[in-house]
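Below is a short report on one protein model.

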Amino acid sequence: MNTSFLDYKVFVPGESAEQQQKLKGKHTKGLLLLFVSHEQQAELLDFLKKILLAVQFDLEEDTAYLDFNATAAINVASLAAINASKTVICFGFPLPQLGFHFEIPNYYPFKHQGTTYLFVDDLLTIYEERQAGGKKLSGALWKCLQEMFK
């Protein structure tokens with residue numbers, strides 16, 4: 001008997017209602033952002049604000065955002081549905097940790113149950129690469145944002 005289909009990690013997504021309470025921002029344009037908490041959070045938020053301004057989004061007005069522990073599980077689809085999010089960008093989380101059990105490459109926007117999702121590298125990784133003069137990750141993110149918000 002082949003049981004390889006049972007050989008996968010199981011993540012139990014966190015409670016969406018609890019996480020909804022922790023959301024920041026007014027969410028006026030239906031964009032939900034999820035990213036890992038880091039010690040340099042203030043610098044990362046400034047970096048994120050600049051990225052969003054380039055596509056005419058204000059972090060506090062136009063988005064809802066949540067930063068949380070890198071190992072925390074979250075049911076992103078449920079959180080997006082509760083908040084009527086049109087678009088969700090997740091920085092640095094493996095898909096199973098977010099409640100998805102299928103493979104989607106990073107920097108590839110896709111639609112699932114009426115919501116567009118984009119999974120990208122950790123915001124700190126993108127920030128550090130940019131600070132070092134690199135543009136591979138930030139360039140890939142920029143192309144996706146242009147495609148999603150044109």
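Strand β3 is mostly covered: five of its five residues are buried. Buried means under 20% relative accessible area, exposed over 50%, and partly exposed in between, with a 1.4 Å probe and protein chains only. T87, I89 and F91 point one way from β3, while V88 and C90 point the other way. In a regular strand the side chains alternate between the two faces of the sheet.

This is a predicted model, where local features need pLDDT of at least 70, side-chain atom pairs count only at pLDDT 80 or more, and totals for chains, interfaces and linings use all residues. Residues are numbered from 1 along each chain as its sequence is written, and side-chain values use heavy atoms, with hydrogens and water left out.

**The sheet**

Five strands make an open sheet with mixed pairing, in the order β2-β1-β3-β5-β4. β2 (63-68) and β4 (110-112) stand at the edges with a single partner strand each, so one side of each has no neighbour in the sheet. The twist averages 25° from one strand to the next. Strands (E, at least two residues) and helices (H or I, at least four) are DSSP runs, numbered from the N terminus. Two strands pair if DSSP finds at least two bridges between them.

| Pair | Sense | Bridges |
|---|---|---|
| β1 and β3 | parallel | five bridges |
| β3 and β5 | parallel | five bridges |
| β4 and β5 | antiparallel | three bridges |

Some residue partners can be named. L34 stands opposite C90 in β3. T87 stands opposite T116 in β5. F110 has Y117 in β5 as its bridge partner.

**The helices**

Helix α2 (residues 41-53) has 13 residues. Which residues of α2 are buried? They are Q41, L44, L45, F47, L48, I51 and L52. Seen down the axis of α2, these fall within an arc of 160°, so they line one face of the helix. The arc is that of the directions from the helix axis to the C-beta atoms. On the other side, A42, K50 and L53 are exposed. The buried residues of α2 pack against several elements, including β1 (31-36), β3 and α6 (contact means heavy atoms within 4.5 Å).

Helix α6 (residues 136-148) lies across β3 and β5, at about 175° to β5. Axes are lines fitted to C-alpha atoms, for helices over the stretch in contact, and angles run from 0 to 180 degrees between N-to-C directions.

**Confidence**

pLDDT is the predictor's confidence in each residue, from 0 to 100. The protein has a mean pLDDT of 88, and 87% of its residues reach 70 or more. Over residues 6-12, pLDDT stays under 50. Where pLDDT is low, the predicted coordinates should not be read in detail.

Definitions and conventions:
The expected span of a helix is 1.5 Å times one less than its number of residues.
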